[in-house]
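Colleague: I have not looked at this one before. Please walk me through it.

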Amino acid sequence: MRALVVDHGEAGPVRFADVDEPVPSSDEALVEIGHIGLNFGELNYVRQWPAGAVHGHDAAGVVVRAASDGSGPPEGTRVALGMTSHAWAERVAVSPASLGTVPEGVDLADGAALGIAGVTALRVLRKRSLLARDVLVTGASGGVGHFAVQLAALAGARVTALVGSPERAAGLRGLGADRVLTDLAGTEYRFDLVLDTVGGPLTAQAWSSLAEGGTIHVVGYSSGQDTTFASGALFGFGEPRSIATYGDMTPTSGELTDLLGLMAAGRLSAPVGLRGSWQDVDDAVRALFERKVHGKIVLDVV
């Protein structure tokens with residue numbers, strides 16, 4: 001079967017290859033993949049995976065063989081895969097713990113957009129009550145950012161979306177952002193929670209705008225820059241502030257089910273900024289790296 005595998009050469013980060021058909025264990029379902037979702041991290045830091053390995057974590061498709069031990073969804077079920085392994089192939093053997101059932105009325109391709117981005121946003125925003133709290137989402141025009149803005153607004157937060165340019169602000173107010181900023185310099189706002197996808201100097205700026213008792217959750221570092229704090233910046237009076245890392249790779253079935261339920265109810269939309277064929281993956285990766293896409297990239301497996 002065909003798959004996208006890790007390529008460490010100049011033509012990378014992925015290439016097509018013929019690979020062996022997956023052989024599911026008794027507690028794995030066999031899923032025919034219809035759509036894959038790309039993420040910046042898995043492509044930009046591709047050397048963390050061995051060359052030639054089937055790549056990718058997020059996808060959606062149909063169960064063509066249920067797990068033989070009776071666990072998980074039955075044959076014919078439409079499913080979304082999130083944070084699984086080796087997902088960018090025509091067929092995948094996957095644990096039900098990484099599957100969410102896609103309800104009727106939800107586009108299967110939208111299910112492929114969830115995965116890492118949707119689950120990350122949901123898990124961070126569940127760390128504390130957000131009702132009437134001030135939440136800052138950096139890199140709000142990206143996949144995680146689009147989901148975070150919507151979910152924070154649903155939870156009753158006052159949401160500030162931070163983007164890199166006015167052009168990347170499109171649509172964010174419609175998703176629930178109360179304010180859209182392109183710079184934190186000089187802002188008088190104070191935030192109870194910051195979901196930071198950018199890192200670098202912006203993290204230090206966000207720290208200066210953090211309210212007493214507030215937390216910055218660093219979920220990405222798309223800037224690729226170091227963060228430097230001014231002398232004395234980490235000292236302060238009042239309720240302690242904190243910076244938290246994120247790297248939760250536990251099974252995602254529960255969160256995927258919750259997110260897909262919100263989609264079915266019309267309360268959450270998938271931020272698909274580019275949809276195409278997986279044959280055009282090189283163009284899609286280029287657009288992702290050049291930051292030409294607002295939201296997620298979903299490619300159809302054809």
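Colleague: What should I know about the model before we start?

Modeller: It is a predicted model, in which local features need pLDDT of at least 70 and side-chain atom pairs count only at pLDDT 80 or more, while totals for chains, interfaces and linings use all residues. Residues are numbered from 1 along each chain as its sequence is written, and side-chain values use heavy atoms, with hydrogens and water left out.

Colleague: Pockets, then. How much space lies in the largest pocket?

Modeller: The largest pocket holds about 1,300 Å³. A pocket is an open set of points on a 1 Å grid over the protein atoms alone, where a 1.4 Å probe fits, with protein on both sides within 12 Å along at least five of seven lines; its lining residues have an atom within 4 Å of a point. The volume is the space filled by probe spheres set on the points, which are joined across faces, edges and corners.

Colleague: You listed T197. Where is it found, and is it buried or exposed?

Modeller: T197 is in the loop between β11 (191-196) and α6. With 14% relative accessibility, T197 is classed as buried; buried means under 20% relative accessible area, exposed over 50%, and partly exposed in between (1.4 Å probe, protein chains only). Setting aside residues up to four places away in sequence, T197 touches T138, G139, V144, V219, G220, Y221 and S222. Contact means heavy atoms within 4.5 Å.

Colleague: What about α6 itself: which of its residues are buried?

Modeller: L202, T203, A204, A206 and W207. Those buried residues pack against five strands: β8 (134-138), β9 (158-162), β11, β12 (210-218) and β13 (242-245).

Colleague: Next topic, helix packing. At what angle do α3 and α7 cross?

Modeller: Helix α3 (residues 115-125) and helix α7 (residues 253-264) have axes that come within 10 Å and cross at roughly 95°. α3 is therefore roughly perpendicular to α7. Axes are lines fitted to C-alpha atoms, for helices over the stretch in contact, with angles from 0 to 180 degrees between N-to-C directions. Angles of 65 to 115 degrees count as roughly perpendicular, under 35 as roughly parallel, over 145 as roughly antiparallel and the rest as oblique.

Colleague: Which residues meet there?

Modeller: From α3, G115, G118, V119, L122 and R123; from α7, E255, L256, D258 and L259. That α3 to α7 contact has 4 nonpolar, 2 polar and 3 charged residues.

Colleague: Now the backbone. Which residues does the cis peptide bond join?

Modeller: G12 and P13, with omega about 15°. P13 is in the loop between β1 (2-6) and β2 (14-18). Most peptide bonds are trans, and most residues other than glycine have a negative phi.

Colleague: Tell me about phi, then.

Modeller: A132, not a glycine, has a positive phi of about 60°. A132 is in the loop between α3 and β8 and is partly exposed, at 44% relative accessibility. R291 also has a positive phi, near 55°; R291 is in the loop between α8 and β15 and is partly exposed at 43%.

Colleague: Last one: where does H55 lie?

Modeller: H55 is in the loop between α1 and β4 (58-65), and at 2% relative accessibility H55 counts as buried. Beyond neighbours within four places in sequence, the contacts of H55 include E42, W49, H86 and W88.

Methods: Helices (H or I, at least four residues) and strands (E, at least two) are DSSP runs, numbered from the N terminus. Ala, Val, Leu, Ile, Met, Phe, Trp, Tyr, Cys and Pro count as nonpolar, Asp, Glu, Lys and Arg as charged, and the others, Gly among them, as polar.
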